[in-house]
Every structure is written in structure tokens, then in C-alpha cells.
Amino acid sequence: MKIKKLFISTVLACSMTASILFTNMGISYNTIVYADEKNTQQEPINIAKRSTAEIKQYIKNHPANISDSVTYAETPNTENPYNIGMLSNETLQSGINILNHVRYIAGLSDVTLNNDYNKTAQAAAVVVAADTTSILSHFPKQPSDMSDDIYQLGAKGASSSNIAWGSWSGYTLNDSIVNGWMDDGDPGNIDRLGHRRWILNPSMGATGFGVAVKSKAPNTGTYLAMYSFDRSNKTANECGVSWPAQTMPVEYFGTNFPWSISFGVSISENTTVKLTNNKTGKVWNFSKNSSDGDFYISNDGYGQIGCVIFRPSDNLSYKSGDSYSVEISNLGNSTIKNETSYNVNFFSLEDNDNTCANDTSIPHTYGNWEVVKTATCLETGLEHRVCSVCGKEETKTIPLLSHTYGEWVTIKEPTQTENGSRQRTCTVCGHIETQVLYPQGGEKYGDVNGDGEVNASDAVILKKYLAQMDVFCDKKLADMNHDGDITSSDAVILLKHLAGYNNLG
């Protein structure tokens with residue numbers, strides 16, 4: 001009889017606040033503060049964007065396959081006489097490589113193996129497997145014939161690790177990482193995606209793995225553990241960690257996987273999401289009141305807090321070339337901007353390597369323009385876009401903005417013999433603009449900027465005005481032919497005057 005393969009995983013939350021030191025099973029962890037406490041609002045997304053070429057090269061330099069089998073330096077035993085055992089160096093290295101594939105794709109730094117964490121996770125796998133009262137528990141019961149030393153180490157590991165069970169003996173550690181913990185879309189986990197968020201925790205600096213196979217009923221199969229509560233990367237400041245990542249290999253994101261992004265600060269339950277297929281135009285909307293699929297907000301302490309979780313109801317699968325945009329609104333935290341957006345471009349690791357990275361005849365695949373520096377009336381701005389394939393950056397200048405003037409203030413009224421003047425001040429930079437006020441009947445036609453002179457500056461202003469640019473233009477003095485309209489005919493008359501061909505009335 002064919003046995004159906006089952007997979008179960010559970011995760012323990014580590015809830016933290018800025019003023020509390022959390023202690024679990026004798027191990028202490030300091031809280032990471034993710035957002036600047038200043039009044040200035042931060043960008044919600046601050047994460048490295050990998051290109052297709054960079055991801056392919058990283059995976060090539062850190063070889064590991066999802067199907068890599070589990071081997072042992074010392075075989076564990078999940079029944080009396082119990083033995084914690086030890087994974088082989090090959091399995092440990094493959095596991096850390098595949099874990100770092102995930103983190104690199106997401107824009108995070110690598111983590112390393114820690115021998116103590118390996119021992120703790122390995123003990124967890126054995127103790128969880130030996131507990132006959134539950135298939136999978138972060139708080140396993142101690143078998144009566146198990147020593148206190150083994151149980152206490154395993155219980156410590158179970159309470160601080162991602163744990164999982166597969167009903168077959170050949171279940172691999174790497175498969176559990178990519179298609180188990182990084183999926184997390186089953187009914188018991190989708191509302192928080194705890195396993196995924198521990199793996200994508202920016203402040204994680206090290207981890208350890210454990211695997212044990214149980215061959216005696218009940219609940220035979222493979223038990224796995226990954227130590228999750230490490231926060232040794234004290235310099236981590238990434239926020240807006242998303243899965244799928246902005247450049248995403250389809251091999252690491254399966255059919256009907258939920259989407260998520262964590263901001264590192266608590267966010268409002270009124271947050272909304274709009275997901276758009278950039279090729280077909282199909283849109284899915286998500287909110288607490290109405291959603292085109294699953295939708296959750298999780299501010300619990302699984303890795304990075306402030307997580308938005310959404311999954312279209314269409315049981316979507318993804319292929320190379322698929323592209324989606326995500327727009328998120330009403331984040332509701334004063335430390336970050338209230339709205340943000342990003343694109344997700346899918347590719348395959350098997351795609352042809354002849355790309356814009358090594359063939360100049362292939363056009364770049366640029367994302368949307370993003371503002372790097374906002375323009376003002378004092379300084380030009382800057383925006384850039386990045387090729388999702390090779391990482392090439394393209395920049396362009398944002399022109400100076402027009403001044404933001406207040407109301408005109410009369411400085412001197414005109415008389416029958418003298419001109420008057422008025423001024424207005426830019427509320428941004430303080431620039432003062434002065435305009436001549438002519439006596440009734442003494443107007444100087446062509447002086448469209450009102451500075452008392454008729455020169456090339458007036459011609460430039462008139463040209464900009466006709467191009468519907470935001471400039472001040474005295475419409476009365478710009479009406480050179482006195483027909484009541486400002487047209488190109490008036491510009492021609494002004495230019496002829498400046499060239500010495502006519503006189504202005």
C-alpha cells in the first residue's frame with residue numbers, strides 16, 4: 001500500500017518589547033530595535049536588491065540542492081538506548097548553504113553554523129521524536145527511560161527551534177527549509193508564518209541543525225530541527241524583508257506559497273495590499289474587511305515583527321518571466337511612511353545565461369524609477385532604476401521645482417509719473433520675486449516677467465508659459481498683438497522686437 005507523505009511543522013514565538021529581556025529555557029536574548037525612534041519617517045523597505053546574475057553566481061559558489069540526502073557522522077537513536085548523534089559535515093554544510101541561498105535571495109546577510117546550536121538542535125530532533133504523546137511539540141514529554149541530560153538538552157532545543165516532521169524516512173533537511181518552513185502556508189501556520197520569519201530574521205547570525213529518523217511506531221518518519229533564536233548580528237538594520245523577494249527564482253517559491261513582507265515595527269490591522277500581475281493586469285485586493293484570498297497582519301515576535309501576509313485564492317504557480325507589483329497602504333506606524341510598493345520578477349536558475357550581463361545586444365530589464373533624492377526649488381533631485389537581471393543602475397536628474405510663492409505684497413503704488421512694485425516670497429527657500437507695477441496706460445508690453453525690462457528672459461518665460469510650464473507670466477503684457485489671447489503669434493512679435501525688427505506698443 002502506498003503511504004501518503006505528510007509534513008508537519010511548528011514554531012515557537014519569542015515575544016519581545018524594547019524594555020524587556022526575554023529569557024527562555026535559561027537562554028537570554030536582547031531585543032533588536034528595528035526603526036529609528038526619531039520623528040522623521042523612515043522608508044518601510046530597506047533591503048539589498050539582488051540581480052538574477054548575482055543570485056545565480058551566489059548559488060553556484062555555495063552549492064546545495066533541495067534533494068541532498070541526510071547523512072550522519074554518528075547515527076542518532078530515538079529509543080532506548082538513546083543517542084543524540086551528529087549530522088555529517090556534508091549535510092551541515094549543505095543545510096547552511098541552502099539556508100543562506102534563501103537569505104541571500106531575500107537581501108540578507110549570511111549566517112554561520114554554531115557547534116553548540118548543532119548539538120542543541122540535534123538533541124531536539126531526538127527528544128521530539130521520542131515523545132510518544134505528540135507528533136510534534138516544542139515542549140516534548142520526557143520518556144521514562146531517557147536520561148535527564150539528553151532530555152534537558154533536547155527540550156531546550158525544541159523550545160528555541162523550528163521543528164518539523166515528515167512521515168517518510170528520506171525527508172531531507174534542505175527540502176524542509178525551502179518547501180516546508182519557507183512555505184508555512186498550512187492552516188496552522190499561515191496566520192503568522194513563524195518558521196519563515198525566523199529564517200528571514202535580519203539579526204540572526206548563526207544557527208544549527210538536527211535530524212533524526214524514527215522507525216518504531218507511533219509517528220514514524222523524519223524529525224528535523226533548526227535553532228532559531230540567535231540574534232547575534234547586532235548591526236542588522238534591514239526592514240521590508242519580503243518573500244517572494246524582488247528578484248525571485250521559481251525553484252524557491254512553490255505553488256500556492258503565501259506572500260509576506262515584514263517591516264520590523266508594529267503595523268496597523270487596517271493595512272491593505274494590492275497585488276497586480278504586471279503582464280495580465282489582474283488585481284487581487286486584501287484587507288481585514290474583504291480579501292481576494294488569505295490575509296493576515298502579525299505583530300507577534302516571530303523573527304521580525306510587523307508582518308503582512310497575503311495569498312491569492314487562485315492557487316497560483318509561478319514561472320520564469322512572471323512579474324507582479326505590490327502596493328501596501330495604511331501601515332499606521334508613525335516611524336515609517338504610511339505607504340510603500342515593490343515589484344517581484346520571477347526567473348529560473350535554468351534560464352539561458354546569455355543575458356544583458358554578458359551580451360550588450362540584450363536590453364536591460366529595468367524596474368520602476370525610484371526617487372533617491374527629492375527635488376526642491378533649491379536643488380535638483382535624483383532617481384534611479386535597476387536591472388533585475390544584471391544589477392546595472394541607471395540614474396537621471398529630477399529638474400528643479402518651481403518656487404512656491406505666497407501672495408503678492410504691494411511695496412509701492414504706481415503714480416502717473418513713476419512705476420510702482422510688488423513682491424512675493426517663496427515659502428520653501430525664501431526667494432523674493434519683484435514685479436514692476438506700471439501707471440495706467442504706461443504698460444511696457446513684452447515685459448512678461450514684470451522686472452521693468454524687455455529682454456531675452458521675457459522670451460524664455462513666454463515660451464515656457466506657452467508650453468504650459470508652471471511660470472509667472474503677466475498675461476496683459478504678454479499679449480503683444482492685443483487680441484486678447486496669448487499665442488505663438490505674441491512670441492514671434494516679441495522675438496522680432498528683440499532682434500530689432502519692430503517696436504512694441
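**Helix packing and local backbone features in a predicted model**

Thr91, Ser94, Gly95, Ile98 and Leu99 of α2 are in contact with Leu173, Asn174, Ile177 and Val178 of α5, where contact means heavy atoms within 4.5 Å. Helices (H or I, at least four residues) and strands (E, at least two) are DSSP runs, numbered from the N terminus. The model is a predicted one, in which local features need pLDDT of at least 70 and side-chain atom pairs count only at pLDDT 80 or more, while totals for chains, interfaces and linings use all residues. Residues are numbered from 1 along each chain as its sequence is written, and side-chain values use heavy atoms, with hydrogens and water left out.

The axes of α2 and α5 (residues 173-181) come within 9 Å and cross at roughly 15 degrees; α2 is therefore roughly parallel to α5. Axes are lines fitted to C-alpha atoms, for helices over the stretch in contact, and angles run from 0 to 180 degrees between N-to-C directions. Angles under 35 degrees count as roughly parallel, over 145 as roughly antiparallel, 65 to 115 as roughly perpendicular and the rest as oblique. The crossing of α2 past α5 is right-handed, a crossing being left-handed if the near helix is turned anticlockwise from the far one by less than a right angle, and right-handed if clockwise. Helix α5 is mostly covered, with 7 of its 9 residues buried; buried means under 20% relative accessible area, exposed over 50%, and partly exposed in between (1.4 Å probe, protein chains only). The buried residues of α5 are Leu173, Asn174, Ser176, Ile177, Val178, Gly180 and Trp181.

Helix α2 also packs against α1. The axes of α1 and α2 come within 10 Å and cross at roughly 165 degrees, so α1 is roughly antiparallel to α2. Glu54, Ile55, Tyr58 and Ile59 of α1 make this contact with Asn100, His101, Tyr104 and Ile105 of α2. Here too the crossing, of α1 past α2, is right-handed. In helix α1 (residues 52-61), the buried residues are Thr52, Ile55, Lys56, Tyr58 and Ile59. They lie on the same side of α1, because they cover an arc of only 165 degrees around the axis; the arc is that of the directions from the helix axis to the C-beta atoms. The partners of these buried residues are α2 (89-106), β12 (247-249) and β19 (340-347).

A further helix pair is formed by α3 (residues 115-130) and α4 (residues 148-158), which pack at an angle of about 100 degrees with their axes 7 Å apart. The two helices, α3 and α4, are therefore roughly perpendicular to each other. On the α3 side the contact involves Lys119, Thr120, Ala123, Ala124, Val127 and Val128. On the α4 side the contact is made by Ile150, Tyr151, Leu153, Gly154, Ala155, Lys156, Gly157 and Ala158.

The loop between α5 and α6 (194-199) contains Met182, which counts as buried because its relative accessibility is 0%. Leaving aside residues up to four places away in sequence, Met182 touches Val102, Ser176, Ile177, Arg196, Ile199, Leu200, Trp243 and Phe257. The C-alpha atoms of Met182 and Arg197 are separated by 8.3 Å, with the two residues 15 apart along the chain. Leu193 is located in the loop between α5 and α6 and, at 0% relative accessibility, counts as buried.

Most residues other than glycine have a negative phi, and most peptide bonds are trans. Phi of Leu193, however, is positive, near 50 degrees. Asn256 also has a positive phi, near 65 degrees. This residue, Asn256, lies in the loop between β12 and β13 (259-262) and counts as partly exposed at 23% relative accessibility. The peptide bond from Asn80 to Pro81 is cis, with omega near 5 degrees, and Pro81 is placed in the loop between β4 (72-74) and β5 (86-87). A cis peptide bond with omega near 5 degrees also runs from Ala217 to Pro218, where Pro218 belongs to the loop between β9 (209-214) and β10 (221-227).

Over the whole protein chain, the secondary structure comes to 9 helices and 25 strands. Of the 505 residues in the chain, 48% are buried. Among contacts with a separation of 6 or more, 64% are between residues 24 or more positions apart. The accessible surface of the chain is about 24,200 Å², and carbon and sulfur atoms contribute 48% of that area, as computed by the Shrake-Rupley method with a 1.4 Å probe; for residues, only the protein chains shown count as cover.
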